Amino acid sequence: MLEEKLKIDKISKGTVIDHIDAGYALTILNLTGIDESKNLMTIGVNVLSKKYQTKDIIKIENVFLNETQMQQISILSPNATISLIENYKVIEKKKVELPRIIKKLILCVNQTCISNSEKEPIDTEFLVLEEKPLKIQCIYCERIYKLEEIVFTSKEKKEMKVKQTIQF
Ligand SMILES: [Zn+2]
């Protein structure tokens, strides 16, 4: 099995995010803020997998994800699985769930959309039209977005684009 040969050490306690769409691990780390963690992290990019050909995988010690982080992952990689590890064993494994309506996590870039109203800005809400490839629609102005067009809201970084370039 290819997966078993993966040269990533097991973690004693923490979270494994597996079956991430290939190329999205770094975006997920950045968007969820996991990249600011001081804990041990191992990241596999373009790992061979039987199911989805290539995938990314993130293992991080002593970190457990909150609901917002899980939703952010579900937007970028609806097939991702989250495993909770204790004493080197998987104690819980679940698939991320893309909500039917995504609230607050994404900006509507349409300047005339009421979610951008300067006087009374309101939280964005997007209806998920299609999961994969992702297609969402702003419930206020009805503008439709594909995954590459999405701009995320983020506390520290005001806007975040899906596409990032990786530089070593
Ligand atoms: Zn809108």
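Buried means under 20% relative accessible area, exposed over 50%, and partly exposed in between, with a 1.4 Å probe and protein chains only. The model is predicted: local features need pLDDT of at least 70, side-chain atom pairs count only at pLDDT 80 or more, and totals for chains, interfaces and linings use all residues. Residues are numbered from 1 along each chain as its sequence is written, and side-chain values use heavy atoms, with hydrogens and water left out.

Q: What share of the residues in the protein chain is buried?
A: The protein chain has 168 residues. Of these, the buried ones make up 43%.

Q: How many helices and strands does the protein chain have?
A: Helices (H or I, at least four residues) and strands (E, at least two) are DSSP runs, numbered from the N terminus. Along the sequence the pattern reads β-α-β-β-α-β-β-β-β-β-β-β-β-β. The count is two helices and 12 strands.

Q: Which residues of H1 are buried?
A: H1 is largely enclosed by the rest of the structure, because seven of its eight residues are buried. They are Ala25, Thr27, Ile28, Leu29, Asn30, Leu31 and Thr32.

Q: At roughly what angle do the axes of H1 and H2 cross?
A: Axes are lines fitted to C-alpha atoms, for helices over the stretch in contact, and angles run from 0 to 180 degrees between N-to-C directions. The axes of H1 (residues 25-32) and H2 (residues 67-76) come within 10 Å and cross at roughly 150°. H1 is therefore roughly antiparallel to H2, a term for angles over 145 degrees. The value asked for is roughly 150°.

Q: Which residues of H1 and H2 make the contact?
A: Contact means heavy atoms within 4.5 Å. H1 supplies Thr27, Ile28, Leu31 and Thr32. From H2 come Gln69, Gln72, Ile73 and Leu76.

Q: Where is Asn46, and what is its phi?
A: Most residues other than glycine have a negative phi. Asn46 lies in strand S2 (residues 41-49) and is partly exposed, with a relative accessible area of 47%. Its phi is positive, near 55°.

Q: What is the phi of Tyr88?
A: Tyr88 lies in the loop between strand S4 (81-86) and strand S5 (89-95). Tyr88 is exposed, with a relative accessible area of 52%. Its phi is a positive value, near 65°.

Q: Which residues does a cis peptide bond join?
A: Most peptide bonds are trans. Pro133 sits in the loop between strand S8 (125-130) and strand S9 (135-138). With omega at about -5°, the cis bond joins Lys132 and Pro133.

Note on methods: Angles under 35 degrees count as roughly parallel, over 145 as roughly antiparallel, 65 to 115 as roughly perpendicular and the rest as oblique.
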